[in-house]
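The sequence and the structure are shown first.

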Amino acid sequence: MDNDHKSTMKSISKLISQSSQSFFSAFLDDAKDKQNKNKEREEILKKLQVASAQKSLVVLQLKEVPTSQKFETVSGWIVSKSIGDSIMLRSQEDSQQIRMITVEHIKKVSTLSKNDNRQIK
């Protein structure tokens with residue numbers, strides 16, 4: 001009976017050790033994901049700021065639902081001078097229509113400047 005008790009204790013300690021290692025690993029992966037999202041957001045903000053300064057035509061691919069694979073595409077010119085958490089976009093189809101778009105919903109940015117330098121990233 002003593003061997004069974006030692007075996008059980010050994011398996012329990014092994015299980016606890018593995019679960020804490022997997023918990024720590026998941027914690028580190030979450031930190032990496034957060035860093036990647038922040039980096040992507042900064043790149044999008046930089047592209048939008050350049051497009052605003054150059055008064056470039058902007059085509060945005062927007063995420064409709066974060067868990068969904070669907071997206072929406074809009075195009076127009078950025079109205080606001082400074083880019084923060086959201087941008088104001090004047091529609092290419094209707095110049096009277098202005099749409100507010102949050103940066104976190106932008107999946108992809110493509111620009112076309114007046115001197116026809118296409119930047120699709």
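In which strand does Gln-61 lie? Gln-61 belongs to strand S1, which covers residues 57-63. Strands here are DSSP runs of E with at least two residues, helices are runs of H or I with at least four, and both are numbered from the N terminus.

The model is a predicted one, in which local features need pLDDT of at least 70 and side-chain atom pairs count only at pLDDT 80 or more, while totals for chains, interfaces and linings use all residues. Residues are numbered from 1 along each chain as its sequence is written, and side-chain values use heavy atoms, with hydrogens and water left out.

**Overall composition**

The protein contains 1 helix and 6 strands, arranged from the N terminus in the order α-β-β-β-β-β-β. Of its 121 residues, 22% are buried. Among contacts (heavy atoms within 4.5 Å) with a separation of 6 or more, 43% are between residues 24 or more positions apart. The accessible surface amounts to about 9600 Å², and carbon and sulfur atoms contribute 53% of that area. Areas were computed by the Shrake-Rupley method with a 1.4 Å probe; for residues, only the protein chains shown count as cover.

The classes in the table are buried (under 20% relative accessible area), exposed (over 50%) and partly exposed (in between), for a 1.4 Å probe and protein chains only.

| Residue | Relative accessible area | Class |
|---|---|---|
| Gln-61 | 17% | buried |
| Ile-12 | 40% | partly exposed |
| Glu-104 | 61% | exposed |

Gln-61 counts as buried because its relative accessible area is 17%. Leaving aside residues up to four places away in sequence, Gln-61 touches Phe-71, Glu-72, His-105, Ile-106, Lys-107 and Lys-108.

Glu-104 is located in the loop between strand S4 (98-102) and strand S5 (106-112). The C-alpha atoms of Glu-104 and Glu-40 are 9.8 Å apart, although 64 residues separate the two in sequence.

Ile-12 is placed in helix H1, residues 2-54. Together, Met-9, Ile-12 and Ile-16 make a nonpolar surface patch of about 290 Å². Such a patch takes residues with over 30% relative accessible area and no salt bridge, joining nonpolar side chains (Val, Leu, Ile, Met, Phe, Trp, Tyr) within 5 Å and like charges within 9 Å; a salt bridge is a side-chain nitrogen of Lys or Arg within 4 Å of a carboxyl oxygen of Asp or Glu.

**Strand pairing**

Strand S3 (residues 86-91) runs antiparallel to S4, and 5 bridges join them; two strands pair if DSSP finds at least two bridges between them. Arg-90 stands opposite Ile-98 in S4. A hairpin of 6 residues connects S3 to S4.
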